[in-house]
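Visitor: I have a structure open and would like to go through it piece by piece. Can you walk me through it?

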Amino acid sequence: MIELQNTTKLYGRVIGVNDLTLALPAGAFGLVGPNGSGKTTLINLLIGQLRPTLGTVRIFGEDPWRQRDLIRRVGLCPATDILYPNVSALEWVQYLVRLHGFSLPESKRLAEIALHRVGMTAAMHRVIGSYSLGMRQRTKIAQAIAHEPEFLILDEPYNGLDPVGRYEMTELLKTWTAEGRGLLFASHVLQEIEAVTSSFLLIYGGRVLATGTAKDIESILAETPQEIRVIGRDAPQLIHRLAEMPWVDSLQLLSERTELKVALREPVHFYEQVAGWISEDGLRIDRITTADGNLAAIFSSLLKHHRGELS
Ligand SMILES: Nc1ncnc2c1ncn2[C@@H]1O[C@H](COP(=O)(O)OP(=O)(O)OP(=O)(O)O)[C@@H](O)[C@H]1O
């Protein structure tokens, strides 16, 4: 469904995406990456809004650059907010459906169906300026699905949504994928995507670092060097065990000897062994945390791994 071959997009001297080669079959995929990693650039290349500086982009087997007929098969929900506060959701969605080449009555019918699907029937005659953020997000989704695309691309659809809005968005996306339709869903929060699909694409610095299911990616992460902190009164007592392990790179005692920083070559071995040691030796350990547990840091260590900076 999506193919990129050595695709690079430069904005002057800034790299948007960097030598991406990728083939995604039909299905639902999460596009995860921290801010500035290239998600929006990739999306804009796929919908033909941007042209690659180098390499090729194919969607449904064709080059999307300025191909209106091809883009009609795609629905896009951008990250940006709706800019028309004085029109109703029905007027706005209907107008955009009409741009896809549908007649006036057909556009109205399709807009009504889409707004109904996202739970906006009751409010669709009110002006957009009176909506909550969640209602505006749902209206954007209606606009993206109204012309019955085969493939839906969403850029940060959860932005600014409260818990109820998030739940509703998840249900909507689950229904969409359950109908067997294609989805590419960009977010910088892994858990948001996980609720909808188990297939991921990890992007960082304009490069795809890993693709696969959550399990595949977990196992990649398990083999990616990581820093872990063991916190508790008896943390120093783990030193003699850990010091003998070939997968431990360094050990450092911190804050009054109750916190042990462990740099691990292959974290998976640590997780396999540490619980056994703690119970055998009867140690008082309060917490084990990953010092670099946030997504940006995990990406950064994956990137170093990718570049061969870490073995
Ligand atoms: N129009 C532009 N002009 C110059 N640089 C740009 C432009 N658009 C994006 N970039 C740069 O390209 C890189 C990738 O940006 P992009 O917006 O694709 O990332 P993103 O993953 O979507 O980020 P975010 O989550 O913040 O939206 C960043 O370094 C960004 O600053």
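Guide: What follows goes from the domains to the ligand and then to the sheets. Keep in mind that this is a predicted model.

Visitor: How is the protein chain divided into domains?

Guide: Domain 1 covers 2-220 and domain 2 covers 225-306. Their centres, taken over C-alpha atoms, are separated by 39 Å.

Visitor: On to the ligand. Which residues surround it?

Guide: The residues around the ligand are Tyr-11, Val-14, Gly-16, Gly-33, Asn-35, Gly-36, Ser-37, Gly-38, Lys-39, Thr-40, Thr-41 and His-188. Two elements give two or more residues to this shell, strand S2 (14-24) and helix H1 (39-46).

Visitor: Which element gives the most to the shell?

Guide: Helix H1 does, with 3 residues.

Visitor: And how do the shell residues divide into nonpolar, polar and charged?

Guide: The shell around the ligand has 2 nonpolar residues, 9 polar and 1 charged.

Visitor: What else does H1 touch?

Guide: Three strands form an open, antiparallel sheet in the order S2-S1-S4. S2 and strand S4 (54-59) are the edge strands, each pairing on one side only. From one strand to the next, the twist averages 25°. H1 packs on this sheet and touches S1, S2 and S4, with its direction at about 120° to that of S1.

Visitor: How many bridges join S1 to S2?

Guide: Strand S1 (residues 2-11) is joined to S2 by 7 bridges, and the two run antiparallel. For a landmark, look for Ile-2, which stands opposite Leu-24 in S2.

Visitor: Next, the sheet of 6 strands. What is the order?

Guide: The order is S5-S6-S7-S3-S8-S9, in an open sheet with mixed pairing.

Visitor: Why is one side of S5 and of S9 left without a neighbour in the sheet?

Guide: Strand S5 (74-77) and strand S9 (207-213) stand at the edges and each has a single partner strand, so one side of each has no neighbour in the sheet. On average, neighbouring strands here are turned by 15° against each other, direction ignored.

Visitor: Which way do S5 and S6 run, parallel or antiparallel?

Guide: S5 and strand S6 (residues 151-155) run parallel, joined by 4 bridges. Val-74 stands opposite Phe-151 in S6.

Visitor: Which helix lies across S5 and S6?

Guide: Helix H5 (residues 133-145) lies across both, running at about 165° to S5. There is also helix H6 (residues 163-178), which lies across strand S3 (28-32), S6 and strand S7 (182-187). H6 runs at about 150° to S7.

Visitor: Changing topic to S12. Which strands pair with it?

Guide: Strand S10 (residues 226-231) pairs with S12 in the antiparallel sense over 6 bridges. Strand S11 (residues 248-254) is also antiparallel to S12, joined by 6 bridges.

Visitor: What is the bridge partner of Arg-229 in S12?

Guide: Lys-261 is the partner of Arg-229. Lys-261 is the bridge partner of Gln-252 as well.

Visitor: Which residues of S12 are on the covered face, and which on the uncovered one?

Guide: In strand S12 (residues 259-264), Leu-260, Val-262 and Leu-264 make up the covered face. Glu-259, Lys-261 and Ala-263 make up the uncovered face. In a regular strand, side chains alternate between the two faces of the sheet.

Visitor: Last one, the hairpin of S11 and S12. Which residue there takes a positive phi?

Guide: Ser-255 does, with phi near 20°. This hairpin has 4 residues between the strands.

How values were computed: Residues are numbered from 1 along each chain as its sequence is written. This is a predicted model: local features need pLDDT of at least 70, side-chain atom pairs count only at pLDDT 80 or more; totals for chains, interfaces and linings use all residues. A residue is near a molecule or strand if its C-beta atom, placed from the backbone, lies within 6 Å of it. Ala, Val, Leu, Ile, Met, Phe, Trp, Tyr, Cys and Pro count as nonpolar, Asp, Glu, Lys and Arg as charged, and the others, Gly among them, as polar. Domain bounds come from an automatic or database domain assignment. Two strands pair if DSSP finds at least two bridges between them. Axes are lines fitted to C-alpha atoms, for helices over the stretch in contact, and angles run from 0 to 180 degrees between N-to-C directions. Two residues are in contact if their C-beta atoms, placed from the backbone, lie within 7 Å. A residue is buried if 20 or more other C-beta atoms lie within 10 Å of its own, exposed if 12 or fewer, and partly exposed in between; C-beta atoms are placed from the backbone.
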